[in-house]
Every structure is written in structure tokens, then in C-alpha cells.
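Try each task before you read its solution.

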Amino acid sequence: MSDEAIDSLSFIKSHWTAWWMLGVAHKRVQSFRGLYLCCSVVLNVLFTVGYPLHLGLSLFHNRSLTEDILNLTTFATCFACSAKCLLYAYNIGKVARIEQLLRLLDERASGIEQRAIYGQLKVQLRTILYAFIAIYMLCGLFAELSFISKEERGLMYPAYFPFDWLNSTRNYYIANVYQIVGVSFQLVQNYANDCFPAVVLCLISSHVKMLYSRFEDIGRDPSIDAEKQLEDCITDHKRLLELFRCIEGFMSLPMFIQFTIAALNVCISVAALVFFVNEPMARIYLLFYGLAMPLEIFPSCYYGTDNEYWFGRLHYAAFSCNWPVQGRSFKRKMMLFVERSLKRSTAIAGGMFRVHVDSFFATLKMAYSLFTIIIRMRK
């Protein structure tokens with residue numbers, strides 16, 4: 001572990017792969033850029049715009065109530081997914097600055113304790129990545145099983161097509177291939193949309209812990225200039241705050257959309273399970289779907305809380321260093337840093353919701369409130 005280089009950028013390579021597949025990584029494409037842009041436009045028109053559109057045109061015009069509910073939940077998720085993807089594509093330039101700041105912070109990390117924090121970070125991020133992949137695979141699997149178990153000819157998701165897919169075998173296969181490819185495209189979008197903020201917030205949290213360790217070491221070694229150590233740590237703090245504001249601006253509106261859609265879909269899924277849907281595979285799909293919605297926002301909320309906690313503890317680290325024996329200039333700079341570190345650093349989604357565990361539970365409460373409205377309407 002002591003010889004392993006600290007490389008935060010390695011954890012977001014998979015997101016660049018996803019963005020490349022989605023056609024929003026044009027700034028990183030050097031060869032055949034024109035072809036890439038053309039393919040990007042075609043793919044996003046077909047799936048980012050077309051997929052939620054073909055679901056929305058079928059809202060409440062399906063053959064059964066079960067199909068209406070399935071259509072509504074899928075449309076809400078796909079519409080939100082496309083909206084988030086477009087917002088991230090618009091702000092994709094901010095990722096370059098995020099990478100630059102992470103690279104500078106990586107260069108500052110050293111020592112056994114900070115490398116141990118990096119080791120813990122690798123485990124945490126691996127867990128996040130595997131959790132997101134498992135969520136999407138389970139939802140896709142049960143959607144496919146629900147489709148296969150149908151006794152009559154039907155679609156994976158109830159939707160509108162401008163041709164007769166029910167009485168034409170060729171059109172039936174065209175419609176289903178479009179839906180399978182489209183939902184795969186949407187799952188890749190969801191991975192890039194929901195996983196990236198959680199990963200970056202986790203990285204920030206770990207780098208704040210490393211900075212905490214560096215603050216504690218100030219003045220311990222007489223051969224090193226303590227004031228220079230303090231200045232370097234203050235610079236690192238400024239970089240962490242800039243990094244935090246970058247990711248906050250990048251994820252603010254998408255996270256607001258995600259909170260809203262999560263509450264809506266949890267409510268609809270629970271109501272469908274309790275009152276409306278009787279088919280076994282459809283019930284299993286809605287169960288996993290209802291569980292997946294809050295699980296998608298939990299990692300971001302958890303690490304948003306962790307960021308707030310560790311940023312709020314940095315002034316303790318400053319007073320843990322060997323400051324009593326330092327000069328007046330050192331103490332003045334340290335006090336200025338302490339005053340700045342007392343300001344709370346909290347990510348806000350859409351200017352309304354904190355990206356915090358409290359907001360996660362508030363989302364579940366919102367879903368419950370919507371569910372009680374449905375109960376009263378049934379009475």
C-alpha cells in the first residue's frame with residue numbers, strides 16, 4: 001500500500017467510457033470527430049428524446065391498468081434520465097476542472113496514514129460502483145422476465161409506435177429491438193448520471209480526511225517550515241472548496257430532478273403493489289423498481305453528509321497541530337483559516353434540498369404523503 005500511487009482520476013474512467021458511449025465526450029475525441037458528432041446526434045434524437053417520447057404518447061391509453069402503471073413509472077424515470085443527461089452534457093466542461101483539482105490534491109497526499117485513507121476509499125468506491133451496477137441489472141432482468149412471461153404478444157414497456165406492431169411480426173420485432181436498445185442506452189445514462197456525483201463526493205470526503213491528517217502533522221518535524229506547511233494546507237482547503245462547488249453546480253438540478261422522481265416512483269410502485277397489480281412478475285418488478293429508486297440517491301446523500309461533517313471538523317485539526325510554539329505570523333494565518341473553516345459546506349440540489357441523509361428520508365416521507373393521498377382518493 002505504501003508504494004501505491006494515489007490516483008483519484010482512475011475512479012471516474014468508467015464514467016468517461018459511459019459518456020463516450022452516450023455521445024457527450026466530443027471534447028475528448030480527436031480522430032473521426034465529425035463522425036462521432038453525427039452518431040451522437042442520431043443516438044440522442046432516437047433514445048434521449050425519442051425513448052421517453054414514445055412512452056409518454058401512450059400514457060393512460062393502454063390495454064389494462066397494470067400497463068398504465070408500468071407505462072407511467074417507466075416514462076417518469078426515462079424522462080428524468082434524459083433531462084439529467086442533457087444537463088450533464090451541457091455542463092460536461094466542468095469535469096475537466098474537477099479532474100485538474102483532484103490531480104493537484106493527489107500530489108499532496110503522502111504518508112502511511114493518508115495512503116490508508118486511500119485504501120479505504122478504494123473499497124468504498126468499489127462498493128458504490130458494484131451497487132449501482134447490481135441495481136440496474138436487477139431492474140433490467142425483472143423487466144425482461146416480466147416481458148417474457150406474458151402469454152400474449154406485447155412490448156417490454158407499454159408505449160406508442162407509429163406502426164402496427166401487434167399484427168405484424170416484422171414490426172413487432174422492430175418495436176422490441178428499439179425498446180431493448182433504448183432501455184440499455186437509458187441504463188448507461190442512469191449510471192453516468194447517478195454514480196458520478198456519489199463518486200466525486202466520496203473522493204472529496206477522503207481528501208478532506210487526508211487534509212485533516214496533514215494539519216495534525218504541522219510543526220511536528222522541526223526540520224520543516226511549519227508556516228509553509230500551514231500555507232500549503234490552506235491552499236489545499238481552497239482547492240477542496242472549489243472542487244466541492246464545482247460538483248455542487250454540476251449535480252444541483254439533476255439531483256433535484258432525482259429527488260422528485262424518486263418520491264413519485266416509490267409512491268406509484270407501492271400503490272401498484274398494494275392496490276392494482278396482480279401479475280406475479282409485474283409485482284416482483286415493481287418491488288425491485290421501488291427499492292432501486294431510493295437506493296440511487298442514497299450514496300450521494302450519504303457522502304454529502306460526510307462532506308459536511310469532515311469540512312466542519314477541520315478547525316479541530318488546525319488546533320491539533322503544534323501551534324503554541326509558532327510565531328505570530330503563523331498564529332494569525334491559522335486563526336484566519338479557522339474562521340473560514342467554520343462556514344458550513346453543504347451541497348444544495350436545485351437551490352432547495354440539501355444533498356444530505358435528511359433529504360433522503362424527506363424523499364421517503366414525500367412518497368408516503370403521496371401514497372396517503374392515493375388512499376384517500378380510493379375511499
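**Exercise 1.** How much space lies in the second largest pocket?

Solution. The model is a predicted one: local features need pLDDT of at least 70, side-chain atom pairs count only at pLDDT 80 or more, and totals for chains, interfaces and linings use all residues. Residues are numbered from 1 along each chain as its sequence is written, and side-chain values use heavy atoms, without hydrogens and water.

Step 1. On a 1 Å grid over the protein atoms alone, a pocket is an open set of points with protein on both sides within 12 Å along at least five of seven lines; a cavity is a set where a 1.4 Å probe fits but cannot get out; lining residues have an atom within 4 Å of a point. Points are joined across faces, edges and corners, and a volume is the space filled by probe spheres set on them.

Step 2. Read the volume. The second largest pocket holds about 250 Å³.

Step 3. Find its lining. S58, N62, L155, A159 and W165 are the closest to the centre, out of 18 lining residues. By class, 10 are nonpolar, 4 polar and 4 charged. Here Ala, Val, Leu, Ile, Met, Phe, Trp, Tyr, Cys and Pro are nonpolar, Asp, Glu, Lys and Arg charged, and the others, Gly among them, polar.

**Exercise 2.** Which helix gives the largest share of the nonpolar patch?

Solution. Step 1. L264, M366, L370, I373 and M377 make a nonpolar surface patch of about 440 Å².

Step 1. Helix α11 (residues 357-378) gives the largest share, 4 residues.

Step 2. Look at one member. L370 lies in helix α11. L370 is partly exposed, with a relative accessible area of 31%. Buried means under 20%, exposed over 50%, and partly exposed in between (1.4 Å probe, protein chains only).

**Exercise 3.** How many helices and strands are there in the protein?

Solution. Count 11 helices and 2 strands. Of the 379 residues, 51% count as buried.

Notes. Patches are made of residues with over 30% relative accessible area and no salt bridge: like charges are joined within 9 Å, nonpolar side chains (Val, Leu, Ile, Met, Phe, Trp, Tyr) within 5 Å. Accessible areas come from the Shrake-Rupley method with a 1.4 Å probe; for residues, only the protein chains shown count as cover. A salt bridge is a side-chain nitrogen of Lys or Arg within 4 Å of a carboxyl oxygen of Asp or Glu.
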